[in-house]
Amino acid sequence: MSVLPELRYPTVAEQALAARALTSRRPGLCTLRQVGASRAGRPLHLLSVGRARRAVLVVAGAHANEPTGSCTLLALARRVLAQRELRDGISWHFLLCADPDGASLHMTPAPRSLFDYHLGFFRPAGPEQPEWAPSLLPPDRLPPETRALTGVIDELRPYLQVTLHGTDLGGSWVQLTKDVPGLAEPFAKSAAELHIPVETGASDAAGWPASGPGVHVMPPPETGPAYPSLPDDARHSTWYHAHRYGGLTAVVEVPMWASDLVDDPAPHPAPAAAIGQLAGRLRRDALEVTRVLDGALPRLADLDGPLLRAARWGLELVPGLADDLVRIPPADPTRAYVGSVDAFARRVPLRAAAMLRRVLRGTDDRAAGQLEELVATWSDAFAERFRARWVPLEHQVEHQSRTVVAAALHAREGTS
């Protein structure tokens, strides 16, 4: 299924060292400064290239389990420094890692397989994610990482914010808070050249209009969410903070492992029935993890760390999500969409099991081995079902970089 990645994902400290090296080589053009601190006191750094008023802000590390953005951000900074035309009337600003605390807990810098990736998995509960916190918490309870990010947006007033995301297994897609005419063509060309499938029916963008295959545009505010039970809403996230200054946000997703199953636009013969079966599996898998959690809770009396909170958060979403999948007609009748929902329904209990396993393993709890078997079985089944193939890290980075540059240039034309 996989080979050892050619490159390794950098730590936050290594990322900062690389940014400092860039500023030391081009001190007249680059600056690096601290723009905030995490809940645990870790610094949040902003690397800036150029001083033009019209700004592009690139954010990495919003989700700890999506490490490709940390490589892409540095590659983009080097590309902007090397290509003067990219600095023509534009300043570029790179938030090195939006969640350094989360990054310190996701421990798979060079995953050899999907199982290996999940052994060190961490993704915070929704209210603890910098970009999503505003959709879940009142303003006076926002974490400092969120306040730092919105503070940078308030200062720079970017015409484009790009946030670098990724998926463990699937394809590449873009989510836009406003359309960027012309982006779909270079995005598709890059994906084809690098043999990365385009996720044409991404469940993250269920029901959104598309300006091209895999390029999804947020529907108007009066349109209801595809999955009403999920508490987070992109329209209240930091993605929309740039709108108050006339800007927009592009979310660029790239897979670590690719699957051609998410790039099949053919109609599914029975999408509602298939998704109903996926909802049933989701409930069963989540119940299996919940039973282990319930049995272990008496032995975890005073433990309430981020791993446990995140595992419980994911499990608590399952009943409502499964009901949504059964009750609401499929947003897209294609095989690609059903495949994306299949992947989504596998991830939720798998991630909860992976994080709970780490909690129990840290306390030498006897149930850790049971969960490790689940994580291994589900990871292998996920990879086998989707015929997963590793995307070389340099291809992940190149595709994400190309898409960011195309978005910046096309969005500039639309706002000039």
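**Rings and strands in a predicted model**

Modeller: The charged end of arginine 385 sits over the ring of phenylalanine 386, 5.7 Å from its centre. Such a charge counts if NZ of Lys or CZ of Arg is within 6 Å of the ring centre and within 35 degrees of the ring normal. This is a predicted model: local features need pLDDT of at least 70, side-chain atom pairs count only at pLDDT 80 or more, and totals for chains, interfaces and linings use all residues. Residues are numbered from 1 along each chain as its sequence is written, and side-chain values use heavy atoms, without hydrogens and water.

Biologist: How many residues of strand S5 are buried?

Modeller: Strands (E, at least two residues) and helices (H or I, at least four) are DSSP runs, numbered from the N terminus. Buried means under 20% relative accessible area, exposed over 50%, partly exposed in between (1.4 Å probe, protein chains only). S5 spans residues 160–170, and the buried count is 11 of 11.

Biologist: In S9, which residue is the bridge partner of threonine 163?

Modeller: Two strands pair if DSSP finds at least two bridges between them. S5 and S9 (residues 248–258) pair in the parallel sense over 10 bridges. The partner of threonine 163 is valine 251.

Biologist: Are the rings of tryptophan 257 and tryptophan 390 stacked or edge-to-face?

Modeller: Rings of Phe, Tyr and Trp (its six-membered ring) pair if their centres lie within 6.5 Å; planes under 30 degrees apart count as stacked, over 60 as edge-to-face and the rest as tilted. Here the centres are 4.9 Å apart and the planes at 70°, so the pair is edge-to-face.
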